[in-house]
Amino acid sequence: MSDLNVCVLPGDGIGPEVMETALAAIAALERRFGFRLASESHPGGAAYWRETGREMPQGAWEAAGSADAILFGSMGLPDVRFPDGTEIAPHLKMRVDFDLFAGVRPIRRLPRTPAVLADPRAGKIDLVIIRELTEGLFASRGKGVVIDDREARDTMVITRATSEKLFDFAFDLARRRKARGAAGAVTCVDKSNVFVSMAFFRKIFDERALGFPDIAARHHYVDAAALELVRRPWMFDVMVMENMFADILSDLGGGIVGGMGLAPSAEIGLEHALFQPAHGSAPDIAGHGIANPTAMLLSTAMMLEWLGHRHGREPLVEAAACLDAAVERAFADGAAFPIEIGGPHGTRDVARAVIERIDRPAA
Ligand code: ATP
């Protein structure tokens, strides 16, 4: 029996395919580390909306709200839309309803993945983008206006309360990474030379930095940050930015390490947390067994680590490190070379290689 429970939401497209691998990895880790997570799977997403007219069953929303963590595949299909043209995306509502203000997007190059950047130093890319998830330009979602078919307006919202929590989270993460050998620096990415909202964002960043004297606090304008992410990404440790800027730069980050199937993410608040691959439902490849499950597996490791630290469960922290290391080794050994990045391995092949390395740890 377990007193920790996980709400599993596989969703649409490749969501269920990659979720299957996450659940298999958790089962292998439970066997090896002697813990048990109670998990309950619920339907929801665009296909569910098409069938029922609802995004998720009421019970699923409540289960997500009362779970210790939410493990999420992907929801949304481009051809299934609300009458106003927007996509069915319940996880965007979850971010706001569950106050998941810190989106954590690790950008790390795995062994033997094709080099997107020619510089040999790109082999060592290991940075984290922190994306604010509840306000910024996305605060305008559902509230933008078109006036007389002449002009349209969306509004950027930055609040002190959320920004303070966000920056503290970023500095705290940099401190934990520094303890493991990272540089110990947070870069605030903004456009404070143009927008008053961004100048306010930077001012709060500078204020909160004073509470973390052991961590370097740096600034970059977003356009320069985009350039440097391609030119010399190894210069960054933790980057923190408003919602829309991070939406764009985290996809760029996924791109410089090989593809969306390699990019995990976590969405963390003070009370709730959701873990999902950074990619969407990828309907173009769904149903063929070729989706890369790596992002889902690494997101699962992030969930186990977060649960372990939050609830003081060492076996969960160990299981997280084991899963992360198993992914690294599967790539290093060439046993996981996903189709997405030019290899021969489908979803289940990659998962099998990782699970073998959970069951048989390195000597
Ligand atoms: P969203 O807006 O929901 O984030 P998106 O429209 O940006 O989604 P994705 O669904 O992430 O797009 O897909 C973008 C491209 O990346 C597609 O060509 C898709 O096939 C590919 N892709 C995404 N995830 C994976 C994966 N896990 N394995 C292989 N290819 C993937």
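A pocket is an open set of grid points with protein on both sides within 12 Å along at least five of seven lines. The views below show a predicted model.

**View 1. The largest pocket of the predicted model.** About 1100 Å³ of space lies in this pocket. Its lining is made up of 41 residues, and Leu173, Arg176, Arg180, Met302 and Glu305 are the ones nearest its centre. Two or more lining residues come from each of S4, strand S5 (126-132), helix H5 (160-179), strand S11 (264-268), helix H9 (294-311) and helix H10 (314-332). The lining has 26 nonpolar, two polar and 13 charged residues. Because domain 1 (1-100 + 272-363) and domain 2 (115-257) both give residues to the lining, the largest pocket lies between them.

**View 2. The second largest pocket.** This pocket holds about 860 Å³ of space. It is lined by 39 residues, with Glu87, Ala89, His91, Leu92 and Phe138 closest to its centre. Helix H4 (90-97) gives the most to the lining, with four residues, while H8, S11 and strand S12 (273-277) each supply at least two. By class, 14 lining residues are nonpolar, 12 polar and 13 charged. Domain 1 and domain 2 both contribute to the lining, so the second largest pocket lies between them.

**View 3. The cavity.** The structure has one cavity of 30 Å³ or more, and about 30 Å³ of space lies in the largest cavity. Arg105, Ile107, Ser250, Asp251, Met260, Ala263 and Ala278 form its lining. Strand S4 (102-108) and helix H8 (243-256) each provide at least two of the lining residues. Four lining residues are nonpolar, one is polar and two are charged.

Note on methods: Residues numbered from 1 in each chain as written. Predicted model: local features only at pLDDT ≥ 70, side-chain atom pairs only at ≥ 80, totals over all residues. Heavy atoms only, no water. 1 Å grid on protein atoms, 1.4 Å probe; cavity = no way out; pocket = protein on both sides within 12 Å on 5 of 7 lines; lining within 4 Å. Points joined across faces, edges and corners; volume = space filled by probe spheres on them. Nonpolar A, V, L, I, M, F, W, Y, C, P; charged D, E, K, R; others polar. Domains from an automatic or database assignment.
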